[in-house]
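Work through the exercises below with the sequence and the model at hand. Each task is followed by a solution in steps.

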Amino acid sequence: MKKYHCILLLLVMPVIGFAQKQWTLADCINHALQNNIQIQQANIVSQSSQSQWRQARHNRLPAVNASLSDGFGFGRTLGPDNIFINQNSNSADGSLNMNIPIFQGSRITHEVAARRHDFMAAVADHERIKNDVSLTVVSHFLNVLLQKEHLKIAQQQRSLTDTMLHRIEILVQNGREPISRLYELKAQSANDAFNITGAKRNLRLALLDLAQLLNLEDVGNFAISAPDFDFDISQMPIPTVIFENAIVTLPNVRAEEHRLESSKRNLDIARSAYFPTVSFGVSTSTGYFHLFGLEYPIINAQFGTQISQNWRSFVGMSVNIPIFNRFSVRTNVSQSRLQIEHQELQVRQARNAIYNDIQRAMLNAHVSRDRYLAAANAVRANRQAFEFVEQAFASGRTTFFDMQQSRNNLERAQSEQVQAKYEFIFNVKVLEFYNGREIGF
């Protein structure tokens, strides 16, 4: 029996180990980068762009095609005397063709360059989405830590209430306090329990949002571990070179710049249609023909004999000169110029977006830092006030309403302090990210 218990324990231990796994921020980011659907879609787009770039390079190669045909004719056909007769026939043909582009107005060269810039833009988009997902993971991760802090504050308030409730119970039993105070504290204890339930709910929702962002299937056992980061409220990044570093390191502007270069190449592609195209062609073919019901040894020779004797080859050059194409070339050139102007505006917009994001993050960091410092002072002052009111309430020198109001002020200050703390941490991490540092603690 002990043997079976040991086997069962060995089977259960991996499950228990998995259930107790604590996800770090690095674990969350790495898992999101590997499993996020948006990142996977962007990777597919970049692979498709790479395939188009490869095909553009392959367009310089010769095009070789083979064809085979076999058919039966019924009714009138051309006879051996070069006169149409009513006779059924059978014919078969085979050919091999090769076409080599000689000159196409440098169209292939421009297409290769354009598709290369499209591929580089897709790669930059892939990097941008990975960065966006990483920042979103950091935001959700910090939100979980924030909700843990709120739950801790609610539990501390419940502990204070229970301590005072125990003290008042003793005083009421000794007849030193009215029973109304006991009822007031019991009501407050029930209200604290309700607040803890709400804080737990918010924590579970925050964990669920993070798990769904990571595309996890098992969210019931999902838990995170708080990082050991140094929280120094006095350290504030100086945004002197953040914007210049962001323009160089971030893929946002780089993607739009590659699209701008691609649109310029597309203009060259449109202009190439003004030029003639020259190609070199080689072909060889053979065939078989048979008239049914007639004996013509020359015409109805054996299949192998006809195939070997009917070979014919062709070598030549072809030139296609555009003369009038209903102004389609001029329209395409005009559209390409407009696309260049549009893409130049996209580059400017990407630069402005990064600059605005940096300014916003810097402003939010300053505001959250000031809020944290103010809330920290408020916490110290309200804690002293609450301790004084708590002692006064225990000695009967103040009302339960006064004590409750003082405790609510302390709880509100604590909540604002942790809220400002994690807002400051997130905005500082955003600024560090724009400055070229890796995301993490």
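Axes are lines fitted to C-alpha atoms, for helices over the stretch in contact, and angles run from 0 to 180 degrees between N-to-C directions. The model is predicted: local features need pLDDT of at least 70, side-chain atom pairs count only at pLDDT 80 or more, and totals for chains, interfaces and linings use all residues. Residues are numbered from 1 along each chain as its sequence is written, and side-chain values use heavy atoms, with hydrogens and water left out.

**Exercise 1. Describe how helix 4 and helix 10 cross.**

Step 1. Helices (H or I, at least four residues) and strands (E, at least two) are DSSP runs, numbered from the N terminus. The chain has 10 helices and six strands. Helix 4 covers 107-173 and helix 10 covers 400-434.

Step 2. The two axes come within 10 Å and cross at roughly 160°.

Step 3. Angles under 35 degrees count as roughly parallel, over 145 as roughly antiparallel, 65 to 115 as roughly perpendicular and the rest as oblique. Helix 4 and helix 10 are therefore roughly antiparallel to each other.

Step 4. The residues of this contact divide into 15 nonpolar, nine polar and four charged. Here Ala, Val, Leu, Ile, Met, Phe, Trp, Tyr, Cys and Pro count as nonpolar, Asp, Glu, Lys and Arg as charged, and the others, Gly among them, as polar.

**Exercise 2. Which residues touch the most other members of the largest nonpolar core?**

Step 1. A nonpolar core is a set of buried Ala, Val, Leu, Ile, Met, Phe, Trp, Tyr and Cys residues joined through side-chain atoms within 4.5 Å. Buried means under 20% relative accessible area, exposed over 50%, and partly exposed in between (1.4 Å probe, protein chains only).

Step 2. The largest core has 34 residues, and Cys-28, Val-137, Leu-210, Leu-214, Phe-222 and Ile-224 touch the most other members.

Step 3. Helices 2, 3, 4, 5 and 10 each supply at least two residues of this core. Helix 4 gives the most, with 12 residues.

Step 4. A second, separate core of 25 residues includes Leu-135, Ala-246, Leu-260 and Ala-270.

**Exercise 3. Is His-117 buried or exposed, and which residues does His-117 touch?**

Step 1. His-117 is located in helix 4.

Step 2. Its relative accessible area is 13%, so His-117 is buried.

Step 3. Contact means heavy atoms within 4.5 Å. Not counting residues up to four places away in sequence, His-117 touches His-258, Glu-261 and Ser-262.
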